[in-house]
Amino acid sequence: MKNQLEITETAMEFLAEKNLSYPTIWTEEAVAFISDLHRKFDSQRKLLLLQREQKQLTFDQGVMPSFPAETKAVREGNWTAGEIPKDLLDRRVEVTGPVDRKMIINALNSGAKTFMADFEDSTSPTWQNLMEGQLNLIDAVNKTISYTDTVKNKSYQLNEKLATLIVRPRGLHLTEKHLAVEGNPVSGSLVDFGLYVFHNHKSLLERGSGPYFYIPKLEHYLEARWWNTVIDFTEDYLKLKRGTIKVTVLIETITASFQLDEIIYELKEHIVGLNCGRWDYIFSYIKKFRKNPKFIVPDRDQVNMTSPFMDAYSNLVIQRCHKRGIHAIGGMAAQIPIKNNEEANAIAFAKVKTDKEREVRNGHDGTWVAHPDLVALAKNVFDAGMPGPNQIHVKREYRKITEADLIEPPIGIITETGVRKNINIAVLYLASWLNGQGAAALHNLMEDAATAEISRSQLWQWLQNKVVLDTGKKLDLAHYHELTLDEFEKIKNELGEEIYEKRQFPLAEKVLERLVVNADFVDFLTIPCYKYL
């Protein structure tokens, strides 16, 4: 059932059920604002996506990314970005997670300096998840949020001291199928960004904070320019002083790392930092160079921040951010506490500690963790290595990072164990996402869309290139299907056939087949999955 809400010169069509119309969110004023955003900016968004496709064709032909010649003056200039607000000066530990009520409370209470409330990789974008997420954030900003777990008979409410809230909207490639303006679906980016800033800007400013955002998956400085025009328009629309809205950009595509100065420059009145989105970055490396046999990536467990191309990217982010006077935030620790196994837990936490020690030593100003229980560990590391609020004063200009450094292929092998693990993680995550849960605890790691993308894109790359595994067998279609059937059967035996069917594993199997056994690479796993939500 659908309903239509008429506004002056505006017709937004709601394609969700009437009982899911969320009138508190979709006021007439909010509808008018989102409709205006759509009309002004959606056609340019589509053009930017088309330019991504055109650029991919050059990568498929063997052309490698490079520092843009037309922006040399931007890279070599001595300009700096705008002012960083007081509540974002110290970001030594950031916790991230989906926008469900309990997660928001626990994250804000965690002791982290900031909390990134995520509408993107860790949220399955059901209409209910997204709209209730917006309601949860309104309550969080107004400090009225609470939650009662009836099963555990436990209540949750906010502490006095809270993390600073930052919101991540969906990427430019995702649309919102439940909304249309003049017959065209509305951008998920504009919906998530627009609703949060519209409903919360006054309360945030009254509390001495502001509308802060993480911008995901940019591939080009022109995409940063698009976001800047969206933000400028929003500030004018809401009568906010220029520079009130602040953003941190995730550098999680291989092409973005060649345009760091340019991205900062395009957003310089609004930008306060860049973040090393390491998992999406590995996925992007595989995706962009997928047809080039020189860039076949080994088992995902063998690729980490010490891999040369990852180390170069991380250090370049630090160097360019500090030159421009903004934060360089480190990557995600995906480990989660392991219950009832102190030895395994100690090993996992030691890995996190080593990772965070390297980040603070290199010059990062903060880091990410996926679970509130890891906040204290990461904070202790940064407290020891970074006595001030940040390290922006540490310029790191002595190291010259070249175009070749940023794409140096990682060294390693491809194992049958690695293939099996990728199959297992991919199908488990797809089933979770299809059931409305975008963050899934799998094998003692918090998997989200970014980490699952690595698994399924590796399977595609390895199968298309018919790599030889450590067993001596070639990964052709027959061997791949042999391994998938075995892994699916293991999961079914563990869960039982009834639960396997109920949790949509048969559908997840079909989606994985389409993602992997397909001559045409599917850009994002969320795109074919979204129609099933």
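Lysine 490 forms a salt bridge with aspartate 486 (side-chain nitrogen of Lys or Arg within 4 Å of a carboxyl oxygen of Asp or Glu), the closest N and O atoms being 4.0 Å apart. Both residues lie in helix 15 (residues 477-495), four residues apart, about one turn of the helix. Helices (H or I, at least four residues) and strands (E, at least two) are DSSP runs, numbered from the N terminus. Lysine 490 is partly exposed, with a relative accessible area of 43%. Aspartate 486 is also partly exposed, at 30%. Here buried means under 20% relative accessible area, exposed over 50%, and partly exposed in between (1.4 Å probe, protein chains only).

The model is predicted: local features need pLDDT of at least 70, side-chain atom pairs count only at pLDDT 80 or more, and totals for chains, interfaces and linings use all residues. Residues are numbered from 1 along each chain as its sequence is written, and side-chain values use heavy atoms, with hydrogens and water left out.

The structure holds 40 salt bridges. One of them joins glutamate 219 to arginine 52, with the closest N and O atoms 3.8 Å apart. This pair links distant parts of the chain, 167 residues apart. Glutamate 219 sits in the loop between strand 10 (212-215) and helix 6 (221-237), whereas arginine 52 belongs to helix 1 (residues 28-60). Both glutamate 219 and arginine 52 are buried.

Aspartate 192 pairs with arginine 170 in a further salt bridge, the closest N and O atoms being 2.8 Å apart. Aspartate 192 lies in helix 5 (residues 188-206) and arginine 170 in the loop between strand 7 (164-168) and strand 8 (175-181), so the pair ties together parts 22 residues apart in sequence. Aspartate 192 is buried, with a relative accessible area of 1%. Arginine 170 is buried as well, with a value of 1%.

Across the fold, the secondary structure comes to 18 helices and 16 strands. The radius of gyration, taken over C-alpha atoms, is 22 Å, close to the 24 Å that the globule rule gives for 533 residues, so the protein is as compact as a globular protein of that length. That rule is 2.2 Å times the number of residues to the power 0.38. The C-alpha atoms fill a box of roughly 65 × 60 × 50 Å, taken along the principal axes. Of the 533 residues, 59% count as buried. Among contacts (heavy atoms within 4.5 Å) between residues at least 6 apart in sequence, 77% join residues at least 24 apart.
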